[in-house]
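I opened my notebook to look up a few things in this structure.

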Amino acid sequence: MSERTMRAVTVREFGGPEVLTVEEVVRPEPLPTEVLVRVHAAGVNPVDWKTREGQGMAGLQTFPLTLGWDVSGVVEEVGFGVTTLAPGDEVYGMPWFPRAANAYAEYVTAPARQWARKPATIDHTHAAAVPLAALTAWQTVVDTARVQAGQRVLVTAAAGGVGHFAVQFARHLGAHVIAVASDARHRWLKELGADETIDYTTTRFEDVAHDVDVVIDLVGDAHDRTSTRSLKVLRPGGLLVAVPAGVSPELAQAAEAAGVRVTPYLVEPDGAALATIAGLIDAGEVDVEVEEPFPLERAGTAHTRVEAGRTRGKIVLTIAD
């Protein structure tokens, strides 16, 4: 390995976890307004394995491909014009999404303002679990739904990466939070701020939840028609934010017939929001859950775990000490 190369998980064809291989590749260099970040850890998200299989953001990628969008690391070098960051700064971010960010690697480059300073109270492993999941939660709860104190908010897949942040952000805003997850996660979710919990393995949430102002659906209609079922719990004029697969014509028609609103959503890079989230983490307002870290060489195992859909919080790849 030379100063001009680095290790990266490379994908040369779509397929299962076995297509993820660690290779020596050319190290990127920052363009003007960009920074070069030495990656200490990279979060693993459902969009990663979906893209690996040829779904997700596959249509925007080219081979050879390095997956991953969650990064926590240290600024190594800054490009011309960068004034907000300097070498040695600890940062975290979700650069370039939905274009390739190449996070499963020892170094990445991205515009300086797509990064924020890493929360000081957590390590890089936990910081890498934050950006994509927390930005998805923040942008759905705060920016899209504009949740207000006293509103009733239901979150499906509440124990997952996005879900456990959505519960906390809605709680932070003063909402009454209903978390849908397996019974084993209920005690933890209440510690995070959930007011009610529903065990989806034994109870149809639409049978017990009612008069909900906002549903943050992180499951989608592909799994037991969760988005369509969510319409039944909303009050008139309530909002369903359909995250995984957007809004089909059938879902839009069902929402109109029910007198409720529905919107698709896709996360965007947002350094300013990450700075706000870092402040909440450092203030003890938001917890970050990492179920297990894996070394870069075990990216395939990490994908298998995330693909199973039963993680508590996030799975993370550790890359540098």
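**Entry 1**

Buried means under 20% relative accessible area, exposed means over 50%, and partly exposed lies in between (1.4 Å probe, protein chains only). The model is predicted: local features need pLDDT of at least 70, side-chain atom pairs count only at pLDDT 80 or more, and totals for chains, interfaces and linings use all residues. Residues are numbered from 1 along each chain as its sequence is written, and side-chain values use heavy atoms, with hydrogens and water left out.

Which side chain meets Arg-229 in a salt bridge? I found Asp-224, at 3.1 Å from N to O. A salt bridge here is a side-chain nitrogen of Lys or Arg within 4 Å of a carboxyl oxygen of Asp or Glu. Asp-224 is partly exposed, at 47% relative accessible area.

Side chains of opposite charge can pair when their charged atoms come close.

I checked Glu-53 and Arg-52, whose side chains meet at 3.5 Å, N to O. Glu-53 is partly exposed at 31%, whereas Arg-52 is buried at 0%.

Next I took Glu-191 and Arg-187, which form a salt bridge at 3.9 Å, N to O. Both lie in helix H5 (residues 186-192), 4 residues apart, about one turn of the helix. Helices (H or I, at least four residues) and strands (E, at least two) are DSSP runs, numbered from the N terminus.

I also found a network of salt bridges that links Arg-185, Glu-291, Glu-292 and Arg-305.

**Entry 1: The sheet**

I traced an open sheet of 6 strands, in the order E10-E9-E8-E11-E12-E13, with parallel pairing. Two strands pair if DSSP finds at least two bridges between them. Why do E10 (196-199) and E13 (261-264) stand at the edges? Each has a single partner strand, so one side of each is left without a neighbour in the sheet. The twist averages 15 degrees from one strand to the next. Axes are lines fitted to C-alpha atoms, for helices over the stretch in contact, and angles run from 0 to 180 degrees between N-to-C directions.

I followed E12 (residues 234-242), which pairs with E13 in the parallel sense over 4 bridges. Ala-242 stands opposite Pro-264 in E13. Helix H3 (residues 131-144) lies across E11 (212-217), E12 and E13, and runs at about 145 degrees to E12.

**Entry 2: Arg-152**

I placed Arg-152 in strand E8 (residues 152-155). A polar atom of its side chain lies 3.1 Å from the backbone oxygen of His-210. The backbone oxygen of Asp-211 lies 3.3 Å from a polar atom of the Arg-152 side chain.

**Entry 3: Aromatic rings**

I searched the whole structure and got 4 aromatic pairs. Rings of Phe, Tyr and Trp (its six-membered ring) pair if their centres lie within 6.5 Å; planes under 30 degrees apart count as stacked, over 60 as edge-to-face, and the rest as tilted. Trp-69 and Phe-97 have ring centres 5.1 Å apart and planes at 75 degrees, so the pair is edge-to-face. Trp-69 is buried at 1%, and Phe-97 is buried at 7%.

Trp-138 and Phe-169 are edge-to-face too, at 5.1 Å and 90 degrees. Trp-138 sits in helix H3 and Phe-169 in helix H4 (residues 161-172), 31 residues apart. Both are buried.

Technical notes:
Contact means heavy atoms within 4.5 Å. A polar contact is a pair of N or O atoms within 3.5 Å; within protein, one must be able to donate a hydrogen and the other to accept it, and residues adjacent in sequence count only if both atoms are side-chain atoms.
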